[in-house]
Amino acid sequence: MSNKVNVIPCSGMGKVHGLLAREMALKVVQELCPDISQTECLAYIVTGDQEVGNKIQSGQCITIDGCPLMCAAKSVNHAGGVIAQELRVLDALKSYRGVKPGTATALNEAGWKIVDETAEKIAMQVKEIYGEE
């Protein structure tokens, strides 16, 4: 596959789960899989930006949602993107019961550990979708 995998997090402003989603996406596209993945701002998808719409329609997407409303997944789907994988931060947090990852504006050490470990799993999915594994 020649197109990069789109990793699209929710906006989740004002919630720690949204911050976790955004940091996970950034870790994947900036550090773990920079040559085979990219991210786009959910606001551009929601508002129908043509350039962003073309990107998500021409490749497969992984969405990362902070809450059960699944705004990233719903928005990507509505814009015509192909969703290969949907991740809910709440599901990822089940492995970390009782852990407080930080606040809506700053993650603590436990929060960064969750980001690092979950981003590694997402990176494996990106590589599988892209065809590297």
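**Figure 1. Cysteine pairing in the predicted model.** The count of disulfides in this predicted model comes to zero, a disulfide being a pair of cysteine sulfur atoms within 2.5 Å. Cys41 takes part in no disulfide, and the nearest cysteine sulfur, belonging to Cys10, is 12 Å away. Cys71 is likewise in no disulfide; here the nearest cysteine sulfur is that of Cys67, at 5.6 Å.

**Figure 2. Accessibility of Cys41 and Cys71.** Cys41 has a relative accessible area of 41% and is partly exposed. Cys71, with a relative accessibility of 36%, also counts as partly exposed. Both values fall between the 20% limit for buried residues and the 50% limit for exposed ones.

Figure 3. The N-terminal end of H6 is capped by Asn108, which places a side-chain oxygen 3.0 Å from the backbone nitrogen of Ala110. Just after the helix, Gly131 adopts a positive phi of about 105°.

**Figure 4. The buried residues of H6 and their packing partners.** The buried residues of the helix are Gly111, Ile114, Val115, Thr118, Ala119, Ile122, Ala123, Val126, Ile129 and Tyr130. The strands against which these buried residues pack are E1 (5-9), E2 (37-38), E3 (60-65) and E4 (82-88). They also pack against helices H1 (16-32) and H5 (89-92).

Terms used. Residues numbered from 1 in each chain as written. Predicted model: local features only at pLDDT ≥ 70, side-chain atom pairs only at ≥ 80, totals over all residues. Heavy atoms only, no water. Buried < 20%, exposed > 50% of the residue type's maximum accessible area, 1.4 Å probe, protein only. Helix = DSSP H or I, 4+ residues; strand = E, 2+ residues; numbered from the N terminus. Contact = heavy atoms within 4.5 Å. Polar contact = N/O pair within 3.5 Å; in protein donor to acceptor, adjacent residues only side chain to side chain.
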